[in-house]
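Visitor: I would like to learn how to read helix packing from a model. Where do we start?

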Amino acid sequence: MVLNQASLKRDGVQDYVSLRASAIVLALYSLFILGFFLFTPEITFEVWQGLFANIFMKVFTLLALISIAIHTRIGLWQVLTDYVKNATLRGVLQFVLYVIAFSYVAVGLFVLWGA
């Protein structure tokens, strides 16, 4: 009987699906924002504020922020495990880069839902 030693963490299928799903969400969000810029005749503060006052836009942006966090976590893990062989250095780099990524998401949430 073969036991999955990484069962408490994650497996390759979960990473694959999470990475693809987050990429789709980010692509849709990017296309929406691009379309907004292309088809809105004049972008003013009031128009921009009106766009983000809509609850659906806030939820879509929140979904994009969560997708950024998931995509970043998996991508950094894959790149660092492939190219940084020293386990201590890899651990420190992962910690620092995860904190930066979390900070981006936290600031995004504050801007999106803050006062």
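**Reading the helices**

Guide: Start with one residue. Gln-94 has 16% relative accessibility, so Gln-94 counts as buried. Gln-94 belongs to helix H4. Keep in mind that this is a predicted model.

Visitor: Which residues is Gln-94 in contact with, leaving aside its neighbours within four places in sequence?

Guide: Trp-77 and Leu-80. Ser-30 is another matter: 64 residues away along the chain, with a C-alpha separation from Gln-94 of 27 Å.

Visitor: How do I describe two packed helices?

Guide: Take H3 and H4, the latter covering residues 87-113. Their axes come within 10 Å and cross at roughly 175°. H3 and H4 are therefore roughly antiparallel to each other.

Visitor: How do the residues of the contact of H3 with H4 divide?

Guide: Into 15 nonpolar, five polar and three charged. On the H3 side, the contact residues include Leu-62, Leu-65, Ala-69, Leu-76 and Trp-77. Among those in H4 are Leu-93, Gln-94, Leu-97, Ala-101 and Val-105.

Visitor: Why do residues three or four places apart point the same way in an α-helix?

Guide: An α-helix has 3.6 residues a turn, so positions with that spacing point the same way.

Visitor: Is Ala-69 buried, exposed or partly exposed?

Guide: Partly exposed, because its relative accessibility is 31%. Ala-69 sits in helix H3. Leu-28 is 41 residues from Ala-69 in sequence, and their C-alpha atoms are 16 Å apart.

Visitor: What about Thr-61?

Guide: Thr-61 also lies in helix H3. Its relative accessible area is 10%, so Thr-61 is buried. Leave aside the neighbours within four places in sequence, and Thr-61 is in contact with Tyr-29, Phe-52 and Leu-112.

Visitor: Which residues of H3 are buried?

Guide: Met-57, Thr-61, Ala-64, Leu-65, Ser-67, Ile-74 and Leu-80. These buried residues pack against H1, H2 and H4.

Visitor: Which helices do the buried residues of H1 pack against?

Guide: Helix H2 (45-53) and helix H3 (55-83). The buried residues of H1 are Asp-15, Leu-19, Ser-22, Val-25, Tyr-29, Ile-33, Gly-35 and Phe-36.

Visitor: At what angle do the axes of H1 and H3 cross?

Guide: Roughly 135°, and the axes come within 8 Å. That makes H1 oblique to H3. The crossing of H1 past H3 is left-handed. Residues of this contact comprise 16 nonpolar, six polar and two charged.

Visitor: Can we end on one residue of H1?

Guide: Take Arg-20, placed in helix H1. Arg-20 counts as partly exposed, because its relative accessibility is 40%. Ser-67 is 47 residues from Arg-20 in sequence, yet their C-alpha atoms are 10.0 Å apart in space.

How values were computed. Residues are numbered from 1 along each chain as its sequence is written. This is a predicted model: local features need pLDDT of at least 70, side-chain atom pairs count only at pLDDT 80 or more; totals for chains, interfaces and linings use all residues. Side-chain values use heavy atoms; hydrogens and water are left out. Buried means under 20% relative accessible area, exposed over 50%, partly exposed in between (1.4 Å probe, protein chains only). Helices (H or I, at least four residues) and strands (E, at least two) are DSSP runs, numbered from the N terminus. Contact means heavy atoms within 4.5 Å. Axes are lines fitted to C-alpha atoms, for helices over the stretch in contact, and angles run from 0 to 180 degrees between N-to-C directions. Angles under 35 degrees count as roughly parallel, over 145 as roughly antiparallel, 65 to 115 as roughly perpendicular and the rest as oblique. A crossing is left-handed if the near helix is turned anticlockwise from the far one by less than a right angle, and right-handed if clockwise. Ala, Val, Leu, Ile, Met, Phe, Trp, Tyr, Cys and Pro count as nonpolar, Asp, Glu, Lys and Arg as charged, and the others, Gly among them, as polar.
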